[in-house]
Amino acid sequence: MFEVRFHGRGGQGAVMAAQTLAEAAVIEGRHAQAFPYFGAERRGAPVMAFARIADRKISIKSQVYEPDLLVVLDESLLDIEPVARGLKPGGKAVINTRKLPTEIDLGMEVECATVPATSIAMEYLKAPIVNTAILGAVAMVCDLFSMGSMQQAIENRFGGKFGEAAARANAAAAAAAYSQTLRGRCKGNRPFVPRRVWLPDWRDIPIGNTLGEGVKDGVTVGPGGAKQNLTGSWRVQTPRYDKEKCVRCLRCWFSCPEGCIKREEDEYVRWDLNYCKGCGICAQVCPVKAIDMMKGGSR
Amino acid sequence: MVISGDHAVAHAAKLARTEVVPSFPITPQTLIVEQLAEFINDGELDADFIPADSEHSVMSMAIGASAGGVRVFTATASQGLALMHEMLYAVPQNRLPIVMANVNRSLGAASGIWVEYNDSMAERDSGWLQVYVEDNQEALDATLMAFRMAEDRRVLLPVMVCLDGFILSHTVERVEVPEQQEVDLFLPPFVPFNMLDPYEPKLINPIVGPEYAMEMRYQLDRAVDHSREVINEVDEEFSKLFGRRYGGLLDTYRMEDAEFAMLTLGTATGLAREVVDDLREEGKRAGLIKLRFMRPFPFKELCEVCDSLKALGVFDRSASFNGGGPVYTEVAAALCNVPTVVTGHVAGIGGRDITTEHMRGMYDAVERASRGEEVRSVTWHGLRGDME
């Protein structure tokens with residue numbers, strides 16, 4: 001049994017990637033399965049997807065805890081969760097990054113491939129949907145399927161849903177990634193710090209599906225508990241504000257779904273970039289174009 | 001007073017000083033909320049009466065009002081209860097002590113306005129406590145006790161008082177209506193547990209992931225189980241104040257040396273009492289178990305009562321389809337380690353009248369089983385045509 005775990009963000013196509021990988025394995029005559037796990041269905045939120053490949057029917061439906069292959073679609077996840085947890089010592093990793101494999105630190109030294117999947121996706125698909133590009137790199141490091149099967153799987157899954165042109169563009173992105181994949185070994189210096197979670201006994205759960213303000217096991221819970229979830233890390237574009245143009249209508253402040261636009265005393269605004277997901281609604285509603293969205297998630 | 005079962009329930013809700021009554025009419029329950037509307041209109045009850053656009057809204061309002069910190073009562077039946085289904089499930093997990101009367105009426109197609117328990121039995125896994133009553137006096141008393149049980153800090157769960165449509169709801173009987181001062185001694189003012197309070201913000205009903213839901217469900221499972229103790233205590237206290245005792249989760253009749261017995265719920269119990277008396281006069285060692293609470297289910301208590309019983313018949317006024325009735329399957333599960341032979345007896349479906357002959361037929365079958373004779377596991381009594 002060969003097990004794969006994908007880490008990505010909502011909208012990057014981790015689920016589709018897992019399904020396509022499973023289909024490539026089936027094209028090779030094997031058995032395979034793929035399934036997602038996510039909490040809130042929101043673009044930018046961390047998601048996982050899993051795949052299993054075997055030579056016989058797969059009965060197990062549990063999540064994958066000790067993958068043979070780790071696929072990370074978003075480099076920023078490396079800093080917010082221990083993505084390599086449980087990766088088998090002889091396992092492999094594929095990371096979407098411009099860096100060399102030796103520059104990546106997964107917390108364990110394993111065979112690692114890197115590929116600039118975001119720029120490939122932008123070039124071939126005009127969108128940062130990196131799933132097909134990264135599958136090219138997966139085909140490069142994994143001998144369970146040929147690049148031909150992978151491209152066939154991409155065309156099958158994307159052609160039916162988005163049409164022939166999209167299928168060809170996605171297969172081309174995968175082919176480009178295949179040739180741009182760098183192989184090596186990553187570093188293992190990063191300590192594994194499990195995310196803090198409050199996991200109370202049934203007796204310690206507050207009665208009545210109701211949670212007051214408080215700190216439990218070092219985690220802020222209840223109203224205001226979302227403060228610790230720095231959703232600004234999801235951002236791939238950042239608002240730029242031209243105060244000169246601003247007419248102080250406050251439509252941006254009113255429309256921001258995260259409430260991260262703050263009113264100053266003089267009715268001008270500022271952004272709390274710790275929480276701005278870069279959705280761009282503020283730029284859309286601004287009547288004088290005082291806001292535009294810049295590429296990139298940095299401040 | 002000579003009043004109907006519905007009016008007995010309305011009197012109980014009034015005596016409990018209910019503060020909010022969201023309501024939607026449905027036969028055979030309408031008399032309850034009509035009577036409450038009258039009490040409010042006449043200044044006898046200080047409560048808000050909220051006519052809703054559906055039962056789904058009724059239960060939503062009940063949830064809001066209860067979380068807002070007031071004592072809430074409502075009533076429904078059949079399709080109305082089914083329409084509440086979604087909201088019913090929110091109440092126990094939120095631990096809101098809402099009391100509701102469900103006047104049992106058959107649900108679904110091939111149904112009418114008459115009694116069958118397939119409406120409330122379908123909600124037995126919702127987390128609501130369910131009590132079934134035998135007569136109008138018990139309808140009143142059980143409703144009063146329901147508030148005490150529901151609001152007890154060890155329970156904090158909603159209670160559904162189930163009474164037979166028409167057979168109780170529209171039948172007048174002599175009912176002792178307690179004085180307000182007596183009830184005030186029994187039922188203190190409502191003190192909310194998790195109140196909506198702008199000065200103390202809380203996260204209520206968030207999405208609950210797999211990492212918490214199981215513990216929360218088990219906590220609810222324990223709360224329902226622990227309510228058994230409180231139900232018995234409240235019954236005891238009620239009997240001290242009002243002189244009427246109901247036995248808590250279940251009651252027994254002439255079970256001392258019984259060899260065979262029926263387990264009944266609702267108004268069939270009264271009929272079974274008569275049949276037991278007849279059988280005893282014939283020298284037969286017949287007994288009767290009256291099941292009061294379907295939730296919490298008296299697993300342990302039943303085993304104790306059936307300890308030396310040879311055969312037990314279980315009455316059901318609804319079917320679970322290809323498995324007998326829901327009470328039968330639960331009793332059979334409760335007694336799986338007891339040598340008592342358990343058989344199921346379905347009768348009175350869709351409000352069909354249950355006669356002394358039907359009940360006698362059930363007892364005869366159970367007596368045969370007690371002598372070691374082969375008896376059908378489930379029998380439909382009063383059915384035209386032989387059973388398959």
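Guide: In helix H3 of chain A, the buried residues are A:Asn131, A:Thr132, A:Ala133, A:Ile134, A:Leu135, A:Gly136, A:Ala137, A:Val138, A:Ala139 and A:Met140. Please keep in mind throughout that this is a predicted model.

Visitor: How many residues of helix H3 (residues 131-141) of chain A are buried, and how should I read that?

Guide: As a general idea, an α-helix has 3.6 residues a turn, so residues three or four places apart point the same way. In this case H3(A) is mostly covered, since ten of its eleven residues are buried.

Visitor: Which strands pair with strand E3 of chain A, and in what sense do they run?

Guide: In a regular strand the side chains alternate between the two faces of the sheet. Here strand E1 (residues 2-9) of chain A runs antiparallel to E3(A) and is joined to it by eight bridges, with A:Arg9 standing opposite A:Pro46. Strand E2 (residues 31-37) of chain A is also antiparallel to E3(A), over seven bridges, and in that pairing A:Ala34 faces A:Ala51. Strand E3 itself, residues 46-54 of chain A, is mostly covered, with seven of its nine residues buried.

Visitor: What is the strand order in the open sheet of chain B, and which strands are its edges?

Guide: The order of strands is read across the sheet, and the sense of each pairing is read separately. In chain B the five strands of this open sheet follow the order E4-E5-E7-E6-E13, and the pairing is mixed. The edges are strand E4 (73-76) and strand E13 (293-295) of chain B, each of which pairs on one side only. On average, neighbouring strands of this sheet are turned by 20° against each other, direction ignored. For one pairing inside the sheet, take strand E5 (residues 99-104) and strand E7 (residues 159-164) of chain B, which are parallel over six bridges; there B:Val99 stands opposite B:Val159.

Visitor: At what angle do helices H6 and H8 of chain B pack, and which residues make the contact?

Guide: The crossing of H6(B) over H8(B) is right-handed. On the side of H6(B) the contact is made by B:Asp141, B:Met145, B:Arg148 and B:Met149, and on the side of H8(B) by B:Ser227, B:Val230, B:Ile231, B:Val234, B:Asp235 and B:Phe238. Sorted by class, that contact has six nonpolar, one polar and three charged residues.

Visitor: Is A:Pro194 buried or exposed, and where does it lie?

Guide: A:Pro194 is exposed, because its count is 8 other C-beta atoms within 10 Å, and a residue with 12 or fewer is called exposed. A:Pro194 lies in the loop between strand E7 (182-185) and E8 of chain A. Its C-alpha atom is separated by 8.8 Å from that of A:Arg85, although the two residues are 109 residues apart along the chain.

Definitions and conventions
Residues are numbered from 1 along each chain as its sequence is written. Chains are lettered from A and ligands numbered from 1 in the order in which they are written. This is a predicted model: local features need pLDDT of at least 70, side-chain atom pairs count only at pLDDT 80 or more; totals for chains, interfaces and linings use all residues. Two strands pair if DSSP finds at least two bridges between them. Helices (H or I, at least four residues) and strands (E, at least two) are DSSP runs, numbered from the N terminus. Axes are lines fitted to C-alpha atoms, for helices over the stretch in contact, and angles run from 0 to 180 degrees between N-to-C directions. A residue is buried if 20 or more other C-beta atoms lie within 10 Å of its own, exposed if 12 or fewer, and partly exposed in between; C-beta atoms are placed from the backbone. A crossing is left-handed if the near helix is turned anticlockwise from the far one by less than a right angle, and right-handed if clockwise. Two residues are in contact if their C-beta atoms, placed from the backbone, lie within 7 Å. Ala, Val, Leu, Ile, Met, Phe, Trp, Tyr, Cys and Pro count as nonpolar, Asp, Glu, Lys and Arg as charged, and the others, Gly among them, as polar.
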